[in-house]
Amino acid sequence: MCAVFDGGKVQCWGQDWNKQLGGLGASSDPGVTLVESGAIAVVGGQFHTCVLLGTGQVQCSSGGQSEGAGLDMGRLTPVAGISTAVALSAGKHYSCARLADASVQCWGAISHSATPATINGLRTRDCD
């Protein structure tokens, strides 16, 4: 479990057995600091964690069981080609970012790699 605090600090709690906490080790109270500042969102799948920074960059971590959704580097690593993200979502073995131009890119089981792929055919609409 992870949370974003004031100032963009990301702290996580749990076992880190698949390096979804950046390989920083198991944690309880007060938690592992994954990012010191600048984060605006954090999401997690079954074996990975991704952080959206205020710069629009996304960084993910996993140790190898996330099918590339956590980039499988064992540490927090930037997702190639994502620099204008405004929102994040994560599933069991994939993550997606909505970009500033309203396009959506996903990586992991959806794109079958750690390289983001554009998801086509999405439409946006206003909800009242």
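What percentage of the contacts in the chain between residues at least 6 apart in sequence join residues at least 24 apart? The share is 38%, where contact means heavy atoms within 4.5 Å.

The model shown is predicted: local features need pLDDT of at least 70, side-chain atom pairs count only at pLDDT 80 or more, and totals for chains, interfaces and linings use all residues. Residues are numbered from 1 along each chain as its sequence is written, and side-chain values use heavy atoms, with hydrogens and water left out.

View 1. Helices (H or I, at least four residues) and strands (E, at least two) are DSSP runs, numbered from the N terminus. Of the 128 residues in the chain, 42% are buried, which means under 20% relative accessible area, as against over 50% for exposed and in between for partly exposed (1.4 Å probe, protein chains only). The chain exposes about 6,800 Å², of which carbon and sulfur atoms supply 49%; accessible areas come from the Shrake-Rupley method with a 1.4 Å probe, and for residues only the protein chains shown count as cover.

**View 2. Strands E1 and E2 form a hairpin.** Strand E1 (residues 2–5) and strand E2 (residues 9–14) run antiparallel and are joined by four bridges; two strands pair if DSSP finds at least two bridges between them. Ala3 has Gln11 of E2 as its bridge partner. Three residues lie between the strands, and Gly7 in this hairpin takes a positive phi near 85 degrees.

**View 3. An open sheet is formed by four strands in the order E4-E5-E6-E7.** The pairing in this sheet is antiparallel. Strand E4 (39–44) and strand E7 (77–78) are the edge strands, each pairing on one side only. Two bridges link E6 and E7, and Cys60 has Thr77 in E7 as its bridge partner.

**View 4. The largest nonpolar core has 12 residues, among them Val43, Cys50, Val58, Cys60, Leu88 and Trp107.** A nonpolar core is a set of buried Ala, Val, Leu, Ile, Met, Phe, Trp, Tyr and Cys residues joined through side-chain atoms within 4.5 Å. At least two residues of this core come from each of strand E5 (49–53), strand E6 (58–61), strand E8 (85–90) and strand E9 (94–99). Leaving aside neighbours within four places in sequence, the contacts of Val58 include Cys50, Leu52, Val79, Ile82, Ala97 and Trp107.

**View 5. A second, separate core has 10 residues.** Cys12, Val35, Val42 and Leu76 are among them.
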